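I opened a new structure today and kept notes as I went. Here is what I looked up, entry by entry.

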Amino acid sequence: FNKEIVDRYLEDGGAKRSKEYLRHYSVERVIGELTELKRRYPKIKTLIFDDDLFTLDRKYVAEFCDAYKASGLGMPFVVNMHVQVFDEDMAFRLREAGCFMVKYGLESGSIRLRKETLWRYMSNERILKATRIAHQYDLHSSAFVMFGLPTETREEVMETLQLCAQTELGRVRWAIFFPFPGTAAHRISADLNLIDP
């Protein structure tokens with residue numbers, strides 16, 4: 001449903017272009033809020049940045065990592081990454097700053113389903129490369145996958161399982177596909193007569 005959220009944001013005048021949808025708080029503000037959080041709740045041991053697009057802006061990631069390391073907060077953290085922009089420099093910076101796990105949307109091992117249904121255009125090779133980079137820098141890897149996608153075959157389910165095995169992921173979080181009304185997933189499912197009202 002990300003496309004629908006961005007479209008609604010544009011319709012409501014929140015931005016003129018879809019690329020303006022992505023906004024981050026300044027690194028200074030984030031470090032300030034984390035410092036206050038640690039002061040108020042000293043027993044916090046780990047942080048999870050549950051931002052789907054945390055790694056999309058390389059400059060922001062570099063700035064954040066430098067500031068986090070310098071802050072002395074010292075809490076290990078987890079981020080969501082996107083395989084298309086994850087490389088050795090980013091992995092090194094994240095690890096040096098205290099990141100110990102990266103999570104990403106593998107979604108399906110089927111290239112056809114990723115392209116036709118999910119509009120996710122990364123290759124299996126890119127997924128494998130990103131995961132190997134994470135492991136090379138001692139970052140635990142976690143991926144999200146879905147089963148039950150429209151027109152998914154048994155063979156494509158096996159492709160997903162095989163890709164998960166090939167990447168040697170630290171963990172896999174899986175979900176059953178659900179076509180929420182008002183989303184492209186629902187339209188695709190309805191067009192294929194896969195929804196029983």
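**Core.** I began with the largest nonpolar core, which has 40 residues. A nonpolar core here is a set of buried Ala, Val, Leu, Ile, Met, Phe, Trp, Tyr and Cys residues joined through side-chain atoms within 4.5 Å. Buried means under 20% relative accessible area, exposed over 50%, and partly exposed in between, with a 1.4 Å probe and protein chains only. Phe64, Tyr68, Phe77, Phe86 and Leu94 touch the most other members. I then listed the contacts of Tyr68, leaving aside neighbours within four places in sequence; among them are Ile31, Leu34, Leu47, Met75, Phe77 and Ala97. Contact means heavy atoms within 4.5 Å. Apart from this core lies another, of five residues, including Leu113, Leu118, Met146 and Leu149. In soluble globular proteins, nonpolar side chains tend to be buried together.

**Ground rules.** I noted that this is a predicted model, where local features need pLDDT of at least 70 and side-chain atom pairs count only at pLDDT 80 or more, while totals for chains, interfaces and linings use all residues. Residues are numbered from 1 along each chain as its sequence is written, and side-chain values use heavy atoms, with hydrogens and water left out.

**Rings.** Next I looked up ring pairs of Phe, Tyr and Trp (its six-membered ring): centres within 6.5 Å, with planes under 30 degrees apart stacked, over 60 edge-to-face and the rest tilted. I got eleven aromatic pairs. In one of them, Phe49 and Phe77, the centres are 5.6 Å apart and the planes are at 85 degrees, so the pair is edge-to-face. Phe49 lies in strand β1 (residues 47-49) and Phe77 in strand β2 (residues 77-80), so the pair ties together parts 28 residues apart in sequence. Helices (H or I, at least four residues) and strands (E, at least two) are DSSP runs, numbered from the N terminus. Phe49 counts as buried at 14% relative accessibility, and Phe77 at 0%. Ring pairs link Phe49, Phe54, Tyr60, Phe64, Tyr68 and Phe77 into a cluster.

**Thr55.** Is Thr55 buried or exposed? I found Thr55 buried, at 0% relative accessibility. Thr55 is in the loop between β1 and α3 (58-71). Its side chain reaches the backbone nitrogen of His82 at 3.0 Å. That is a polar contact: a pair of N or O atoms within 3.5 Å, where within protein one must be able to donate a hydrogen and the other to accept it, and residues adjacent in sequence count only if both atoms are side-chain atoms.

**Helix α3.** I checked the length of α3. Its 14 residues should span 20 Å at 1.5 Å a residue, and its end C-alpha atoms are 20 Å apart, which agrees. The expected span is 1.5 Å times one less than the number of residues. Asp57 caps the N-terminal end of α3, with a side-chain oxygen 3.1 Å from the backbone nitrogen of Lys59. The buried residues of α3 are Tyr60, Val61, Ala62, Phe64, Cys65 and Tyr68. What covers them includes α2 (27-40), β1, β2 and α4 (88-97). Just after α3, Gly72 takes a positive phi of about 75 degrees.

**Helix α1.** I ended at α1 (residues 2-11), where Glu4, Val6 and Tyr9 are buried. The cover over the buried residues of α1 includes α8 (184-191). Just after α1, Gly13 takes a positive phi of about 85 degrees.
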